[in-house]
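Morning, everyone. I'd like to walk you through one protein chain today. Have a look at it first.

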Amino acid sequence: MSGFAFRIVDGKATRIDVKEALTCTADLVWVHLSTTAEHAQAWLRDEAKLLDYVVDALTATETRPRCEAVGDGAFVNLRGRSKEELDTSDMLASVRIWAVKGRVYSVTRKPLIAVAEVEKMVERHEVRDPGDLIAAFATAITTDLDPDVATLGDELDDCEEQLDANRVFELRRTVSRVRVAAIGYKRFLSPQRAALEKLAALPGDWLADDDRLHLAAAADRAARMAEELESIRERSALIHETLTDLRAEQIDNRSLIISIAAMVFLPLNFITSLYGMNVKPLPYAEEPWAFDAIAAACVVIAVGVIGYFTARHWFRR
């Protein structure tokens, strides 16, 4: 288990040891743990004296963005980009936060980019209370995600400009990657918006009016990104259909070329086969009219086939 802690008095932050954070008093004490170890549960329960429900929520393996009021405090789970490359089914790392008046515990299992930004804000003395800290997390996460969402939209714009039957496979790979990323982000951004809105509306004197405004702004930004991701997903589906049509058109053109070649060579093949027949073993082989009869029969069959196609309007198709 690794982590750090800050003691904030009158807006001035001092880095302290995690164990010291349990006994010191201040306007705000922030303890952050980076761990996947099971003994983190024991430390939070036995040393920090947190409720079992809160400990389980802080150390759960599978999480989704949510906010719950528990007694005089609140548990918040947010998702943001990680420094590590994560699986496409779980593209955002989580930060679990337990906040009460004067004290905040946060836990991450994967290195979250937003943690470093919040740490810098604390060191710049921009955080004074729990509300400021949670608002800083929400703002840092949405600010970090916004350029990624914009980049996905730009990649789709490039694909739309480069639509070409000769680049179908390359463009389909790009569109599929963008679509998977958009789906993975939207999976967490939609509930994250609801969690931030719920947190901004929670009663309690540990959330100041300016904190609620910052949380509402972060929720609005998350909502805008979720709408953009939904638009990207729909555009990806349309571009994929267009690429499929281009591929089908390319196949049709190649089939037409093959059909033209067949149309040229099939009559020649028929003529050579007709004149190359070995008619001696055939009935009436010695009759002078035998060849004319075979040729006439071929003409009758050809006229019949053409008449059948014409009756079914296949030539018009």
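Let's start with a question: are α3 and α4 parallel or oblique to each other? They are oblique. Here is the reasoning. Helix α3 (residues 113–123) and helix α4 (residues 130–161) pack at an angle of about 130°, with axes 9 Å apart. Axes here are lines fitted to C-alpha atoms, for helices over the stretch in contact, and angles run from 0 to 180 degrees between N-to-C directions. Angles under 35 degrees count as roughly parallel, over 145 as roughly antiparallel, 65 to 115 as roughly perpendicular, and the rest as oblique. So α3 and α4 come out as oblique.

Now, a word on the source. This is a predicted model: local features need pLDDT of at least 70, side-chain atom pairs count only at pLDDT 80 or more, and totals for chains, interfaces and linings use all residues. Residues are numbered from 1 along each chain as its sequence is written, and side-chain values use heavy atoms, with hydrogens and water left out.

The chain's mean pLDDT is 82, and 92% of its residues reach 70 or more. Confidence is highest in strand β7 (residues 103–108), at a mean of 90, and lowest in helix α7 (residues 290–311), at 79. Where pLDDT is low, the predicted coordinates should not be read in detail.

Next, the overall layout. The chain has seven helices and seven strands. Both are DSSP runs, numbered from the N terminus: helices are H or I, at least four residues, and strands are E, at least two. From the N terminus, the order is β-β-β-α-α-β-β-β-β-α-α-α-α-α.

What box do the C-alpha atoms fill? Roughly 120 × 35 × 30 Å, along the principal axes. The radius of gyration is 35 Å, whereas a compact globule of 317 residues would be near 20 Å. That radius is taken over C-alpha atoms, and the globule rule is 2.2 Å times the number of residues to the power 0.38.

Back to the helix pairs. α3 and α4 cross right-handed. A crossing is left-handed if the near helix is turned anticlockwise from the far one by less than a right angle, and right-handed if clockwise. From α3, residues including Ile113, Val118 and Met121 meet α4 residues, among them Leu133, Phe137 and Ile141. Contact means heavy atoms within 4.5 Å. The residues of this contact divide into 11 nonpolar, no polar and two charged. Ala, Val, Leu, Ile, Met, Phe, Trp, Tyr, Cys and Pro count as nonpolar, Asp, Glu, Lys and Arg as charged, and the others, Gly among them, as polar.

Then α4 meets helix α5 (residues 168–201). They pack at about 155°, axes 10 Å apart. That is why α4 and α5 are roughly antiparallel. The crossing is left-handed. The contact residues divide into 17 nonpolar, two polar and three charged.

Gln41, Leu44 and Arg45 in α1 meet α2 residues including Asp52 and Val55.

Last stop: arginine 212, in helix α6 (residues 209–275). Its C-alpha atom is 8.9 Å from that of glutamate 197, 15 residues apart along the chain. Leaving aside neighbours within four places in sequence, arginine 212 contacts residues including Leu199, Pro203 and Leu207.

Methods. pLDDT = per-residue confidence, 0-100.
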